[in-house]
Amino acid sequence: MAGSGLDGAVTEPTRRSRTPLTPHQIDAIQTARDSGESVMSIARRFEVSRMTVWKKTRTR
């Protein structure tokens, strides 16, 4: 499709693989959050999304 404006567009996006958190990691995330650490800081430290941290600290 030359000239369609879609040159280089991703036609079949891939998803990032998910590595499940261990129970120990989940406990550490919850402890960090209870201690007042920010969601962003925890997400960076555990290399997960902010939403993952939020979900793991809200579903107790």
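Helices in this account are DSSP runs of H or I with at least four residues, numbered from the N terminus. By that convention, R45 is found in helix α2. The model described here is a predicted one.

Two packed helices are described by the angle between their axes and the distance between the axes. Helix α1 covers residues 23-34 and helix α2 covers residues 39-46; their axes come within 10 Å and cross at roughly 155 degrees. Angles over 145 degrees count as roughly antiparallel, and α1 and α2 are therefore roughly antiparallel to each other. The crossing in which α1 passes α2 is right-handed. On the side of α1, the contact is made by Q25, A28, I29, A32 and R33, while α2 contributes V39, I42, R45 and F46. Sorted by class, the contact of α1 with α2 has six nonpolar residues, one polar residue and two charged residues.

When residues up to four places away in sequence are not counted, R45 touches A32 and E37.

Beyond the end of α2, attention turns to E47, which is found in the loop between α2 and α3. Most residues other than glycine have a negative phi. E47 is not a glycine, yet its phi is positive, at about 55 degrees. Is E47 buried or exposed? Its relative accessibility is 74%, and residues over 50% count as exposed, so E47 counts as exposed.

Helix α3, residues 50-58, contains T57. In contrast to the exposed E47, T57 is buried, because its relative accessible area is 8% and the limit for a buried residue is under 20%. Which backbone oxygen does the side chain of T57 reach at 3.0 Å? That oxygen belongs to V53. Leaving aside residues up to four places away in sequence, T57 touches I29, Q30 and R33.

Technical notes:
Residues numbered from 1 in each chain as written. Predicted model: local features only at pLDDT ≥ 70, side-chain atom pairs only at ≥ 80, totals over all residues. Heavy atoms only, no water. Axes fitted to C-alpha atoms, helices over the stretch in contact; angles between N-to-C directions. Helix = DSSP H or I, 4+ residues; strand = E, 2+ residues; numbered from the N terminus. Parallel < 35°, antiparallel > 145°, perpendicular 65-115°, else oblique. Left-handed = near helix turned anticlockwise from the far one by under 90°. Contact = heavy atoms within 4.5 Å. Nonpolar A, V, L, I, M, F, W, Y, C, P; charged D, E, K, R; others polar. Buried < 20%, exposed > 50% of the residue type's maximum accessible area, 1.4 Å probe, protein only. Polar contact = N/O pair within 3.5 Å; in protein donor to acceptor, adjacent residues only side chain to side chain.
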